[in-house]
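Thanks for coming. I'll show one structure and talk through a few parts of it.

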Amino acid sequence: MNTSDYNPDFEALLDYLNQNCGCDLTVYKRATLMRRFQHRMQQLQIDNYTNYLQYLRGHAEEYTSLLNTVLINFSGFFRDRDSWDYLANNIIPKIIKSKQPHEKIRVWSAGCACGEEVYTLAMLLAENLGVEQYLQRVQIFATDVDKDALMQARQASFSENEVKEIPTEALSKYFEKVEQRYIFRSKLRSTIIFGCHNLAADAPMSKIDLLVCRNVLIYLHCQTQASVLVRFHFALAEKGFLFLGSAENFINNKHLFIPVSLKHHIFAKGQNLTLEDHLLIQPKTSQKKAVGPLNTQIRFWQAAFESSPFPQLVVDHRGRLFMANEKAYTLFGLNNNNLGAPVQDLEIGRIVNSFMLMRQLNGDRRPINLKNVEWKSDRGTIYLDIYITPISDVSGSLIGANFTYVDVTRYTQHENEVSTQAQICQELLRK
Ligand SMILES: C[S@@+](CC[C@H](N)C(=O)[O-])C[C@H]1O[C@@H](n2cnc3c(N)ncnc32)[C@H](O)[C@@H]1O
């Protein structure tokens, strides 16, 4: 957030919405948000954020009107015609070719607003496959965070003005004219599943061949954009494509998405995610408790990790050291060059076989507690209790594990002494 965008009264308003309406608007760009709030406040002739907060407290129904103002639902059939033509002529045939003739084709329109984008997609797929094949093989997920928009999208009913960009032939083939409205044919509509889904918080779909998310990310804060893009990477099948809006030029994470046509904002799925990518995704528990942008939360978690009274480290799913707190650095004599190294090559790898442990975690995902593990260090024998907790991403895949070490040497030595003394006593008694 720019410091110029910071206004404590506005932040209080966002906080109120977050706490009381379960709606986290902090994921959107502050400048755009402020403009949209002011627009709504002008309609109500309210001149400052504090008074608007009072108004919201007294008028529960205002929340819906506010959301309708903030979530800009503007859409259109074949919006940016050139890019849709490119998609129809180059990408959709590629997807079809990459599949077996009977295989399903999964498409996701994320932020579909009132449906124009989804029905544009449906028409292009039906044209490419033929209606019969389309009905058998295509599955379209159409999602938006705005329930009113989704309801409208489900109805699939459009005015004369709204359908003016649809070629005449396609209009008569795919729409039924009922009085003055154009209704998308119900048979083709049966392949579309509508659902409420918040891109910034909900788990993504999976095995998607074509993900269309146009003119949505542009409203999101850049950290939220980055985390949504990681979710999109999850969502895509290996040979899947991502189609963004014409003003969305911000993919700078080259390993996640490979440009297919920058002009048309179409990308192919890139390489595997790194642990850094995974960390861009907010954990599910933070949805309601979120108090600030993602980087604030990450700094907070890092500080919490650092201030743990115990040495802790994080190992990624390949068994490489990802991070360690100061106490772990000191105990195990680590340095920054060790980050990224296979744990087996480091001193910590001599204590327990982390490779075997990661395999075990991958199997049953249950935490592992090891008691009294003996470590012959330079400073003598140390006994450690080791708590190993699996870390999974939103899709449930194991991405690493947290290792916490509790030094129980004194306790173990004391126990050993007590048991030795008990043995001596027993022997003396026997004599
Ligand atoms: C400008 S419209 C774009 C519609 C369509 N994709 C297009 O390009 O024609 C933006 C849509 O994104 C939706 N949206 C905004 N934030 C969202 C979020 N966090 N998750 C899902 N949808 C969101 C809004 O409700 C709105 O319907």
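How much accessible surface does the chain have, and what share of it belongs to carbon and sulfur atoms? The accessible surface is about 22,300 Å², and carbon and sulfur atoms hold 50% of that. Keep in mind that this is a predicted model.

Now the chain overall. There are 431 residues, and 49% of them are buried. The secondary structure amounts to 18 helices and 15 strands. Take the contacts with a separation of 6 or more: 61% of these join residues 24 or more positions apart.

Please find α2, residues 30-43, and α4, residues 62-70. Their axes are 9 Å apart, and the packing angle is about 130 degrees.

Who meets whom here? On the α2 side we have Leu 33, Arg 36, Phe 37, His 39 and Arg 40, and on the α4 side Glu 62, Ser 65, Leu 66, Thr 69 and Val 70. Sorted by type, the residues of this contact are four nonpolar, three polar and three charged.

Last, a single residue. Lys 99 sits in the loop between α5 (81-97) and β1 (105-110). Is Lys 99 buried or exposed? Its relative accessibility is 17%, so Lys 99 counts as buried, the cut-off being under 20%. Leaving aside residues up to four places away in sequence, Lys 99 touches Lys 104, Ile 105, Arg 137 and Asp 209.

Key: Residues are numbered from 1 along each chain as its sequence is written. This is a predicted model: local features need pLDDT of at least 70, side-chain atom pairs count only at pLDDT 80 or more; totals for chains, interfaces and linings use all residues. Side-chain values use heavy atoms; hydrogens and water are left out. Axes are lines fitted to C-alpha atoms, for helices over the stretch in contact, and angles run from 0 to 180 degrees between N-to-C directions. Helices (H or I, at least four residues) and strands (E, at least two) are DSSP runs, numbered from the N terminus. Contact means heavy atoms within 4.5 Å. Ala, Val, Leu, Ile, Met, Phe, Trp, Tyr, Cys and Pro count as nonpolar, Asp, Glu, Lys and Arg as charged, and the others, Gly among them, as polar. Buried means under 20% relative accessible area, exposed over 50%, partly exposed in between (1.4 Å probe, protein chains only). Accessible areas come from the Shrake-Rupley method with a 1.4 Å probe; for residues, only the protein chains shown count as cover.
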